[in-house]
Amino acid sequence: MTSSIRLLTASDAEAYFEHLSRHMGESGRDGDFIFTPSDGYDRLNKPKELERFREKWELSLDEPGWTRTWGVFVNGDIRGHIDLRGGYLKTSLHRASLAMGLERPLRKQGLGAKLIELALQWLRETPSLEWVDLYVFANNHPAQRLYSRFGFRETGRVADLFRIHGEPITDIHMVLKLENGAT
Ligand SMILES: CC(C)(COP(=O)(O)OP(=O)(O)OC[C@H]1O[C@@H](n2cnc3c(N)ncnc32)[C@H](O)[C@@H]1OP(=O)(O)O)[C@@H](O)C(=O)NCCC(=O)NCCS
């Protein structure tokens, strides 16, 4: 499958929404892990969501809530993504949160690793950012293996943080320290 990866801009918002709707719908279904706390993504108010993506993509890195998203394109559709988000308070703008996902047919081809490499390269060229946080469910071992390979380390876990389809979910916090700053 031929794919390409690039940073998303305002005109990609609709394709990104369609990807997230398909991808979130995979969680906990047809043998897949439960990997997201989102419930009923496809029932969200689409115009409002598109507006929200566009606003956050346009924020500069010194504005709380900034977001940068890279999409994996296959035949013009977005089939995977990696997302970096800044803190929601000025006092946490030295940190970014990472989230990612690939639709099922694109997994286990090295694309997850490629997306993380790209995001880490961008982070290393962005001196204002010193830490990367992510959250992953305890049952999601493939994702944890991928994050560990790139140096993310577990700092703690919260049992029963979510209940999804009646199942209690333990959430793990993983962190990577970038070598960008002095601390
Ligand atoms: C987590 C996720 C992003 C990983 O993406 P990926 O592309 O499958 O990740 P990798 O590049 O590391 O490949 C995963 C596995 O396939 C193997 N692999 C990579 N390229 C391969 C290839 N060409 N052929 C066969 N296997 C391959 C890797 O060695 C790795 O094996 P491991 O799990 O035993 O370590 C993806 O599984 C996914 O989207 N899952 C659902 C959503 C999700 O969990 N998101 C994260 C929430 S925190």
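**Ligand, sheet and a few residues**

A: Start with the backbone of Met 100: one of its polar atoms is 3.0 Å from a nitrogen atom of the ligand. That is a polar contact, meaning a pair of N or O atoms within 3.5 Å; within protein, one must be able to donate a hydrogen and the other to accept it, and residues adjacent in sequence count only if both atoms are side-chain atoms.

Q: Before we go on, what kind of model is this?

A: It is a predicted model: local features need pLDDT of at least 70, side-chain atom pairs count only at pLDDT 80 or more, and totals for chains, interfaces and linings use all residues. Residues are numbered from 1 along each chain as its sequence is written, and side-chain values use heavy atoms, with hydrogens and water left out.

Q: OK. Which atom of Gly 112 is 2.7 Å from a ligand oxygen, backbone or side chain?

A: A polar backbone atom.

Q: How much of the ligand does the protein bury?

A: 71% of the 940 Å² that the ligand exposes when taken alone. Those areas come from the Shrake-Rupley method with a 1.4 Å probe; for residues, only the protein chains shown count as cover.

Q: Which residues come nearest to the ligand?

A: Leu 102, Lys 108, Gly 112, Asn 140 and Arg 149, out of 20 residues around it. Being near here means having a heavy atom within 4 Å.

Q: And which element gives the most to that shell?

A: Helix α4, with 5 residues. β4, α3 (111-124), β5 and α4 each supply at least two. Helices (H or I, at least four residues) and strands (E, at least two) are DSSP runs, numbered from the N terminus.

Q: Switching to the sheet. What is the strand order?

A: β1-β2-β3-β4-β5-β7-β6, an open sheet of 7 strands with mixed pairing. Two strands pair if DSSP finds at least two bridges between them. β1 (4-7) and β6 (153-164) are the edge strands, each pairing on one side only. From one strand to the next, the twist averages 25°.

Q: Where does α4 sit against that?

A: α4 (residues 141-149) packs on the sheet and touches β4 (95-102), β5 (131-137), β6 and β7 (167-177). Contact means heavy atoms within 4.5 Å. The direction of α4 makes about 160° with that of β5. Axes are lines fitted to C-alpha atoms, for helices over the stretch in contact, and angles run from 0 to 180 degrees between N-to-C directions.

Q: How many bridges join β2 to β3?

A: 8, between residues 67-74 and residues 77-86, running antiparallel. Thr 67 has Arg 85 as its bridge partner, and Thr 69 stands opposite Asp 83. On to β4: 7 bridges join it to β3, again antiparallel, and Gly 86 is partnered with Ala 96.

Q: Is β3 mostly covered or mostly open?

A: Mostly covered: 7 of its 10 residues are buried. Buried means under 20% relative accessible area, exposed over 50%, partly exposed in between (1.4 Å probe, protein chains only).

Q: What about the hairpin: which residue there has a positive phi?

A: Asn 75, near 50°, in a hairpin with 2 residues between the strands. Most residues other than glycine have a negative phi. Asn 75 counts as exposed because its relative accessible area is 76%.

Q: Now Asp 32: buried or exposed?

A: Buried, because its relative accessibility is 12%. Asp 32 sits in the loop between α1 (13-24) and α2 (46-58). Its side chain makes a polar contact of 3.0 Å with that of Arg 107. Beyond neighbours within four places in sequence, Asp 32 touches Glu 26, Arg 104 and Arg 107.

Q: Last one. Where is Leu 176?

A: In strand β7. Leu 176 is buried, at 8% relative accessible area. Its contacts beyond four places in sequence include Leu 120, Trp 131 and Phe 150. Phe 150 is 26 residues away in sequence, yet 8.5 Å away in space, C-alpha to C-alpha.
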